[in-house]
Amino acid sequence: MTLARRLVAEGVGTAMLLAVVVGSGIMAEGLAGGNIAIALLANTIATGAGLVALILMFGTISGAHFNPVVTLSEAWQKNIARSDILPYLAVQIGGAFAGVAAAHAMFGEPLYLASEHVRTGGAQWWSEFVATFGLIGVIIGCSRSRPGMTPFAVAAYITAAYWFTASTSFANPAVTLARAASDTFAGIRPADAPGFILAQLAGAVAATLLFTWLYPAPPANATVGGTVAPGDFAAQHLDH
């Protein structure tokens with residue numbers, strides 16, 4: 001795939017991901033009658049379902065990262081060229097903001113409005129470390145052992161992480177930045193975003209170190225369970 005096609009896939013995919021996350025959050029909050037648990041459950045189901053669809057849709061084009069820490073981890077593993085890093089990050093962040101605007105427009109909200117949703121403190125930062133650590137671990141482990149299952153494993157992990165982390169598992173710097181511009185159920189105060197992003201980067205570094213050791217990359221053109229080796233398998237990745 002040409003770089004242009006891959007960048008369009010990353011940008012559109014990330015925009016659609018944010019439209020799912022933010023739009024379902026607005027709908028859920030509006031219909032839940034003040035029951036936060038029901039609103040979070042609805043938001044979780046929509047996000048998990050959307051993730052599977054988007055990874056399957058764009059995975060064979062760009063790898064379906066939709067997440068700067070996934071791209072950085074992939075570059076560290078030499079699965080993408082270093083020259084692709086900045087373009088990927090740029091379209092992921094731009095796509096994330098476009099997705100927020102699209103969701104807001106569907107529900108008659110201002111296109112961008114700084115969030116007032118407080119998400120800060122050690123428990124929240126540790127949650128983001130754990131969430132991102134697990135996401136990168138799932139991606140590396142599955143892509144190197146059962147690559148065809150990676151889209152489903154990623155979506156299943158994020159669905160679970162919405163509930164077992166105090167932060168509801170952002171695990172994505174582009175998502176974090178864009179959700180700071182959404183004063184809705186899915187939002188995060190702009191002042192709280194840097195702490196989340198630092199925790200996400202730390203989690204990604206720790207996971208990449210551990211899981212590339214646990215799952216050594218197979219030789220080029222080797223096969224895993226009858227499928228092409230992960231180094232040649234394009235449809236691998238993402239996050240929430």
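Me: In this predicted model, a charge sits over a ring if CZ of Arg is within 6 Å of the ring centre and within 35 degrees of the ring normal. Which residue lies over the face of Phe-170?

Reply: The distance from the ring centre of Phe-170 is 3.7 Å. The cut-off for an Arg CZ is 6 Å. The residue over the face of Phe-170 is Arg-179.

Me: How are the planes of Phe-58 and Phe-66 arranged: stacked, tilted or edge-to-face?

Reply: The structure holds seven aromatic pairs. In the pair of Phe-58 and Phe-66, the ring centres are 6.2 Å apart and the planes stand at 85 degrees. Planes over 60 degrees apart count as edge-to-face, so the arrangement of Phe-58 and Phe-66 is edge-to-face.

Me: Which residue of the aromatic pair Tyr-157 and Phe-164 counts as partly exposed?

Reply: The pair is edge-to-face, with 6.0 Å from centre to centre and 70 degrees between the planes. Tyr-157 counts as buried at 14% relative accessibility. At 46%, the partly exposed residue is Phe-164.

Me: Which residues do ring pairs link into a cluster?

Reply: Rings pair if their centres lie within 6.5 Å. Ring pairs of this kind link a cluster made up of Trp-126, Phe-129, Phe-133 and Phe-211.

Me: At which residue does helix 2 bend?

Reply: Helix 2 covers residues 36–62. At its start, a side-chain oxygen of Asn-35 comes within 3.1 Å of the backbone nitrogen of Ala-37. Just after the helix, Gly-63 has a positive phi of about 90 degrees. The bend, of about 35 degrees, is at Leu-56.

Me: How many residues apart are Asp-84 and Arg-6?

Reply: Asp-84 and Arg-6 form a salt bridge, with the closest N and O atoms 2.9 Å apart. Asp-84 is in the loop between helix 3 and helix 4, while Arg-6 is in helix 1. Asp-84 is buried at 8% relative accessibility, and Arg-6 is buried at 17%. The pair links distant parts of the chain, and the separation is 78 residues.

Conventions
Residues numbered from 1 in each chain as written. Predicted model: local features only at pLDDT ≥ 70, side-chain atom pairs only at ≥ 80, totals over all residues. Heavy atoms only, no water. Phe/Tyr/Trp six-rings, centres within 6.5 Å; stacked < 30°, edge-to-face > 60°. Buried < 20%, exposed > 50% of the residue type's maximum accessible area, 1.4 Å probe, protein only. Bend = angle between axes of the 7 residues up to and from the residue. Helix = DSSP H or I, 4+ residues; strand = E, 2+ residues; numbered from the N terminus. Polar contact = N/O pair within 3.5 Å; in protein donor to acceptor, adjacent residues only side chain to side chain. Salt bridge = Lys/Arg side-chain N within 4 Å of Asp/Glu carboxyl O.
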